[in-house]
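Please read them with the structure open.

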Amino acid sequence: MAGCVLTGQSPAAPAGTNSAAATKKAKAKASERATPTALTTQEPLSPRAPGDFAIAVLPDTQMYTAARNGGKPEMLVAQVEWILSNRASRNIVYVTTEGDISNDGNKIPGQWLRATNALFRLEDPARTGLPEGLPWSAVVGNHDTHFGGTTLFNEFLGTNHFAGRSYYGGFYGTNNDSHYDRFSAGGQDFIVLALTMAAGSDPDLMRWANEVLRANANRQAIVVTHSLLGPAAWPKPAPWTKDGQRIFPALTNNPNLFLMLCGHRHGEGRRLEVLGNGQNVHLVLSDYQAYASGGNGFMRLMEFSPRNQTIRVKTFSPWTKQWTTNADGCFSLAWTGASGSPAQRNGGERQRPQASGPQTSNIQP
Ligand SMILES: [Zn+2]
């Protein structure tokens with residue numbers, strides 16, 4: 001029985017709003033480390049509208065690529081194959097990892113071979129029907145830096161690998177640890193900025209991140225970084241991690257920022273930050289590595305609906321063929337940028353209350 005019906009959100013309720021069914025589920029203790037109990041084989045209902053598109057999220061895959069704790073490389077393959085099989089029908093336009101692609105970073109090349117055996121399928125023009133494959137992002141987690149840094153990460157997923165692709169925007173410094181992509185879908189223009197583990201403690205890197213977001217101010221911005229939040233049961237706001245405490249304030253002067261995704265801490269959680277200018281930023285944690293079988297293939301689909309002004313978030317496993325119905329895995333977010341890209345909507349300026357203090361009007365659209 002599907003317990004989560006994603007029919008949209010009420011403007012009056014706090015963002016990250018849930019359907020009544022999902023809110024009821026919130027009373028159930030959210031899992032910090034447990035296997036989800038609210039499972040169904042039926043996908044939660046979500047009426048689609050013209051212009052809808054989706055982003056697939058692959059949380060920490062380290063137990064799959066390391067074949068640990070019952071995890072299997074085939075679980076990551078199953079995730080990617082599901083994306084490929086559903087790409088056209090669900091209009092999946094982008095895929096992001098959330099760090100900890102590997103478990104042992106620089107030590108075991110085989111873990112990267114397993115990762116890329118799965119993930120490189122996203123790049124196949126024949127499988128995707130797209131000349132450059134499906135745009136996707138490899139994000140660095142703390143485990144990807146273990147045993148001597150990100151040499152292996154960059155050997156397999158470095159700047160040379162992504163160079164020349166139209167969606168690949170650029171990178172920080174000399175490697176692909178932090179980089180960004182651009183894509184458009186449903187009449188919306190996006191930038192996805194991937195920041196390496198502990199990015200917030202590197203002032204130069206954060207300066208670059210801000211420059212990138214400002215230079216792409218006409219694009220709605222998503223930031224993906226491995227550690228931002230700890231788990232919590234909605235409606236309790238997920239607590240910041242130390243990294244989150246550093247990264248978030250360093251990026252808040254970007255009116256185009258609306259969504260930040262992370263993994264790392266085991267479980268699920270989210271929080272909404274409303275900035276002084278009325279800007280809503282949703283922060284969302286998903287990491288299933290501590291679930292049964294190293295995560296059992298659980299992943300996320302974020303369905304953006306410009307017409308309904310929502311992002312519907314679903315959690316499911318192509319491996320077990322189950323969907324979760326708990327309020328922390330199945331919910332809708334209010335998406336204020338949904339009525340057109342900022343450039344289309346308001347001549348390059350994001351709409352906001354007038355009395356918002358010093359404006360960032362020097363940003364070039
Ligand atoms: Zn981690």
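1. Overall picture. Residues 24 or more positions apart supply 70% of the chain's contacts with a separation of 6 or more. Keep in mind that this is a predicted model. The chain holds 10 helices and 15 strands. Of its 365 residues, 55% count as buried.

2. The seven-stranded sheet. What is the strand order in the open sheet of seven strands? It reads β5-β6-β7-β8-β9-β11-β10, and the pairing is mixed. β5 (168–171) and β10 (267–274) are the edge strands; each has a single partner, so one side of each lacks a neighbour in the sheet. On average, neighbouring strands are turned by 15 degrees against each other, direction ignored.

3. The helix on the sheet. Helix α8 (residues 203–215) packs on this sheet. The helix touches β6 (179–185), β7 (188–195), β8 (220–225) and β9 (257–262). Its direction makes about 175 degrees with that of β7.

4. Strand β8. Is β8 mostly covered or mostly open? Mostly covered: six of its six residues are buried. Q220, I222 and V224 point one way, while A221, V223 and T225 point the other way. Both sets are buried.

5. From β7 to β8. These strands run parallel and are joined by six bridges. L195 has T225 in β8 as its bridge partner. The chain passes from β7 through α8 to β8, a β-α-β crossover that is right-handed.

6. From β8 to β9. Here too the pairing is parallel, over four bridges. V223 stands opposite M260 in β9.

7. Strand β11. Seven of the eight residues of β11 are buried, so the strand is largely enclosed by the rest of the structure. Four bridges join β9 to β11, and the two run parallel. C262 has L285 in β11 as its bridge partner.

8. How do β10 and β11 run, parallel or antiparallel? They are antiparallel, with eight bridges between β10 and β11 (residues 280–287). E268 stands opposite S286, and V274 stands opposite N280. Five residues lie between the strands of the hairpin. G278 takes a positive phi near 85 degrees there.

9. The nonpolar core. The largest nonpolar core has 93 residues. The residues with the most contacts inside it are A54, A56, V192, L193, A209 and V223. Look at A209: leaving aside neighbours within four places in sequence, this residue is in contact with L193, L195 and L251. In soluble globular proteins, nonpolar side chains tend to be buried together.

10. V95 is found in strand β3 (residues 92–97). Why does V95 count as buried? Because 22 other C-beta atoms lie within 10 Å, and 20 or more are needed for that label. Beyond neighbours within four places in sequence, V95 is in contact with A56, L58, I83, L122, L134 and W136. V95 and I55 are 40 residues apart in sequence, yet their C-alpha atoms are 5.6 Å apart in space.

11. Helix α4. Which residues of α4 (residues 109–119) are buried? They are Q111, W112, R114, A115, A118 and L119. What covers the buried residues of α4 includes α2 (62–65), α3 (73–90), β4 (136–137) and α6 (151–157).

Terms used:
Residues numbered from 1 in each chain as written. Predicted model: local features only at pLDDT ≥ 70, side-chain atom pairs only at ≥ 80, totals over all residues. Pairing = 2+ DSSP bridges. Axes fitted to C-alpha atoms, helices over the stretch in contact; angles between N-to-C directions. Contact = placed C-beta atoms within 7 Å. Core = buried A, V, L, I, M, F, W, Y, C linked by C-beta atoms within 7 Å. Buried ≥ 20, exposed ≤ 12 C-beta atoms within 10 Å, placed from the backbone. Right-handed = clockwise from strand over helix to strand, strands pointing away.
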